Each structure stands twice: as structure tokens, then as C-alpha cells.
Amino acid sequence: MPVQRRAQRDPHQRGDNITSRVLHGLPEHLASQGLNSKLIAERFGADWAALLERNAFVSFEQFVRTLDLAAELANDGAFGVRWAQVAAGGCEDISHYIQCNSPNLKGFLEARTQYSAIVTDAYSTRLVTNDKTAFYVWDIPRNSHVHKQVAGYLVGLLVSKVRHVLGKPDWFPRSVQFAYGPGVDYSRYHKILGPRIRFSAQMTAVEFDAAELLQPLPKADPLLRAEMCELARVRLTHDDQH
């Protein structure tokens, strides 16, 4: 059963926020690109320390602005998708363990959709399947201040996670679609996401072959998954009551 979102949102909880874990390691990554840490802090201003609290929540718009500014500082139009490859290891929470211990790739994607409320309520995701293909889709409000970097980050993170759970570091999706126009370095996108990338599409999505969804996850632990599902149920129930 899909997780029900709360009718009223606490601005200090999830709401239109996102877990700060998505930014874990960002200062070190920017520094590795030759950027001075003092300059980075000055450009981000007083919000810099708050962004780095591992178990905090930051506004989704702040997350968007952070990636936009990071891309500007790094002079990298594909920063979002590239940063996702670095950030993937720092996004481990209850939902991560549920997803990674699913019986197969379909279960992984379904769990990622079902438990997305643990991470954010700023957007939703869905898995759309037919006989031949399946699409993992991000539904981001049209009026949301979402730029290319965030969409690239979300897609790049999913691709990185799928490679991890399948144990296939060279895996590429059937195709990738972005609901925005081009204007970036295509080569950087292709290197990470594969050769079939479509811009100015109707949606932002990753396409899979339907047969891929049945692939088992080699390191899945069903007992750990059951334990994490119970923890998630308790946490979400607690949040809905406060």
C-alpha cells in the first residue's frame, strides 16, 4: 500500500523539504574540483552550516539553489548528474535498506516509490509498466523552481543505485528522458547515463526493459528488509500523528 502523505505539513519536518543527506560530502567534492572552501562558504552564506547537518531537513528550493550554485562554481553544466555518482553512498536511510533488500529490481523500484515520503514530500515518483518496458517517473510540480541540476541529480542517483543493487557497474538504462531542453555537455551525460538520452520530453524518467525488472538482487536480505519495513511503518505513523 502506498504511503499516505499528511494533510497538514510541519515546516520543521519533511513537508516541501528534503533530507540534508543528499548534500553529504558536497564541500569535499567541490574542494576536490579546485575550489577554495572559504569561497564556497561565502557564496552559500549563513545557510552553509545548516546544509551540512546530516540528519536535518532543508527546503527543496534551498536544495535546488545549492546545486545550481555548485554547478556555477564548478563551471559544470552536468554537475547534478555527476554529483549523484559521488553522493550515492551518503544517502543511506531506512528506505535505502528496504529498497536494496528487495527480491528483485521491480521490488526495488516499487519500494523507492512507496517510501519516498521518508526523504521528501516535494515531489512524488511512480513506476509505469507495460509488456515491453517500464518507466520510473518523477512527478515534480510544474511551478516548482526545479532546474536541470536537480533533475540530473535525481536521474543520476537512481542509475547509480540500480548499478549497485544489481552488482553491474557498467549497466545502462534502456533510455533516459528529461523534461527540459538541452544546452549541456552531452558527452558528460552520455558517459554516465548511456547513449539514449532525450531532452524536452513530456516527463523526466528512466526507462527499463520489462524483463530487467525480474532480475534478482544478489545481496538482498529478506529478514533485514522486514525489520526495516517495520521501522519505516512506525516512523511514518509517528510523523502522521505530529
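Leaving aside its neighbours within four places in sequence, with which residues is Phe178 in contact? Contact here means heavy atoms within 4.5 Å. Phe178 touches Ala151, Gly152, Val155, Tyr189, Leu193, Ile197, Arg198, Phe199, Ser200, Ala201, Met203 and Thr204.

The model is predicted, so local features need pLDDT of at least 70 and side-chain atom pairs pLDDT 80 or more, while totals for chains, interfaces and linings use all residues. Residues are numbered from 1 along each chain as its sequence is written, and side-chain values use heavy atoms, without hydrogens and water.

Phe178 is also among the residues with the most contacts inside the largest nonpolar core, which has 55 residues. Such a core is a set of buried Ala, Val, Leu, Ile, Met, Phe, Trp, Tyr and Cys residues joined through side-chain atoms within 4.5 Å; buried means under 20% relative accessible area with a 1.4 Å probe, protein chains only. Among the elements supplying at least two residues each are α4 (60–74) and β7 (204–209), and α8 gives the most, with 11 residues. Helices (H or I, at least four residues) and strands (E, at least two) are DSSP runs, numbered from the N terminus.

A second, separate core of seven residues includes Ile94, Ala111, Cys229 and Ala232. Ala111 is one of the buried residues of α7.

The packing of α5 against α8 has axes 7 Å apart at an angle of about 35°, the axes being lines fitted to C-alpha atoms over the stretch in contact and angles running from 0 to 180 degrees between N-to-C directions.

| Helix | Contact residues |
|---|---|
| α5 | Phe79, Gly80, Val81, Trp83, Ala84, Gln85, Ala87 |
| α8 | Gln149, Gly152, Tyr153, Gly156, Leu157, Ser160, Arg163 |

Methods:
Buried < 20%, exposed > 50% of the residue type's maximum accessible area, 1.4 Å probe, protein only.
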